[in-house]
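Please look through the structure below with this report beside you. The text begins with a single residue and then widens, step by step, to helices, chains and the contact between them.

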Amino acid sequence: MKNEPYTSRIRRHTPPSPTKKNCLFAFLIGGGICFAGQWLLYLYEALGATRDDASTLVTVTLIFLSALLTGIGVYDRIARVAGAGTLVPVTGFANAVVSPAIDTKQEGFILGVGAKIFTVAGPVILYGVLCGAVYGVLYSVILWFV
Amino acid sequence: MFLSMMTTSLLAFAVGGGLCVVAQLLIDKTALTPARILVLYVSFGVLLGAVGLFEPLVSLVGCGITVPLVGFGGNIARGVREAVLEQGLLGALSGGFTAAAVGCAAALLFGYLAALCFRGQPKRIS
């Protein structure tokens, strides 16, 4: 038997990862969510909202829809096909907040839902605010000298 | 009018979809977990905002950049900048949460309501 390296031997036996298919679905579904969001934005503007308010309303609407679909178990079923397509849009963030909240109901509403709701939201908020604070300090220093 | 709306929404589709493909490649090709990717995208959004690229991108591709979590970071950067201009160094602390408030509050509120209304789905082993 030929003594080929372990890693290439393993690679020969593992099924090919469906990366191309995953990427296609991620592109179509993730892009579709952004496309729908854009038309929702136009709808809110047509109803009289300013650009900033309309943008905020789009975020809130998408988060609401995501929470609803997560609650009835549909979001996870779409996510199994869409992969990152349902992760990266703000709906994925909402899903990551809602899903542990529902799953930990049995552990109580304080240390179950109340704590676990931050499982993914916590890191996202922490690092978002942290980066923001670093930027704020740098920006203040720049303003000082300019 | 309609033509420019169509162009923007198609650009939103392409750029938003593209950001998802990058994330999918990161999941498939590296050991990055979904939570790490969300953190990465938010931080990247703050960076985009900090170097002044976020607002031009928003006017070009609209929801293609604001709907992905990058937009959350971009908003944080914008909030911080406005707060620093208004109240100095203190704005570095207040701006981020102010800008993130609506998205966070909405997700937490709807998450809580969903926990009240729905029961957990049995986990499927796939």
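## A buried alanine in chain B

In this predicted model, B:Ala12 has 28 other C-beta atoms within 10 Å, and because a residue needs 20 or more to be called buried, B:Ala12 is buried. The residue is found in helix α1 (residues 2-29) of chain B. Leaving aside its neighbours within four places in sequence, B:Ala12 is in contact with A:Cys34, A:Phe35 and A:Gln38 from chain A, and with B:Val61, B:Gly62, B:Cys63 and B:Gly64 from chain B. As for a residue elsewhere in the chain, B:Leu108 lies 96 residues away from B:Ala12 in sequence, and the C-alpha atoms of the two are separated by 27 Å.

When residues up to four places away in sequence are not counted, B:Gln24 touches A:Asn22, A:Cys23, A:Ala26, A:Gly83 and A:Ala84. The C-alpha atoms of B:Gln24 and B:Pro34, which are ten residues apart along the chain, are separated by 9.4 Å.

## Three further helices of chain B

Helix α2 (residues 34-50) of chain B has 17 residues, and the distance of 24 Å from its first C-alpha to its last is close to the 24 Å expected at 1.5 Å a residue. Its buried residues include B:Ile37, B:Leu38, B:Tyr41, B:Val42 and B:Gly45. The buried residues of α2(B) pack against α5 and α7 of chain A, and also against α1, α3 (54-61) and α5 of chain B. Just after α2(B), B:Gly52 takes a positive phi of about 80 degrees.

Helix α5 (residues 70-87) of chain B has 18 residues and reaches 26 Å between its first and last C-alpha atoms, close to the expected 26 Å. This helix is mostly covered, since 13 of its 18 residues are buried. B:Gly88 follows α5(B) and has a positive phi, near 75 degrees. In helix α6 (residues 91-117) of chain B, the end C-alpha atoms are 38 Å apart, which agrees with the 39 Å that its 27 residues should span at 1.5 Å a residue. Even so, α6(B) bends by about 55 degrees at B:Ala101.

Chain B has six helices and zero strands. Its radius of gyration is 17 Å, well over the 14 Å that the globule rule gives for 126 residues, so chain B is more spread out than a compact globule. The C-alpha atoms of chain B fill a box of roughly 50 × 40 × 35 Å along the principal axes, and buried residues make up 49% of its 126 residues. Among the contacts in chain B with a separation of 6 or more, 60% are accounted for by residues 24 or more positions apart.

Chain A has seven helices and zero strands. Its radius of gyration is 21 Å, whereas a compact globule of 146 residues would have a value near 15 Å. The C-alpha trace of chain A spans about 70 × 50 × 40 Å along its principal axes, and 45% of its 146 residues are buried. Residues 24 or more positions apart account for 56% of the contacts in chain A with a separation of 6 or more.

## Where the chains meet

The largest nonpolar core has 80 residues, and the members that touch the most other members are A:Ala26, A:Phe93, A:Ala94, A:Val97, B:Leu38 and B:Leu69. Helix α2(A) gives the most to this core, with eleven residues. A:Val97 touches A:Ile117, A:Val120 and A:Ala121 in chain A, and B:Ala107, B:Leu108 and B:Gly111 in chain B, not counting residues up to four places away in sequence.

Conventions. Residues numbered from 1 in each chain as written. Chains lettered and ligands numbered in written order. Predicted model: local features only at pLDDT ≥ 70, side-chain atom pairs only at ≥ 80, totals over all residues. Helix = DSSP H or I, 4+ residues; strand = E, 2+ residues; numbered from the N terminus. Expected span 1.5 Å × (residues − 1). Bend = angle between axes of the 7 residues up to and from the residue. Buried ≥ 20, exposed ≤ 12 C-beta atoms within 10 Å, placed from the backbone. Rg over C-alpha atoms; globule rule 2.2 N^0.38 Å. Contact = placed C-beta atoms within 7 Å. Core = buried A, V, L, I, M, F, W, Y, C linked by C-beta atoms within 7 Å.
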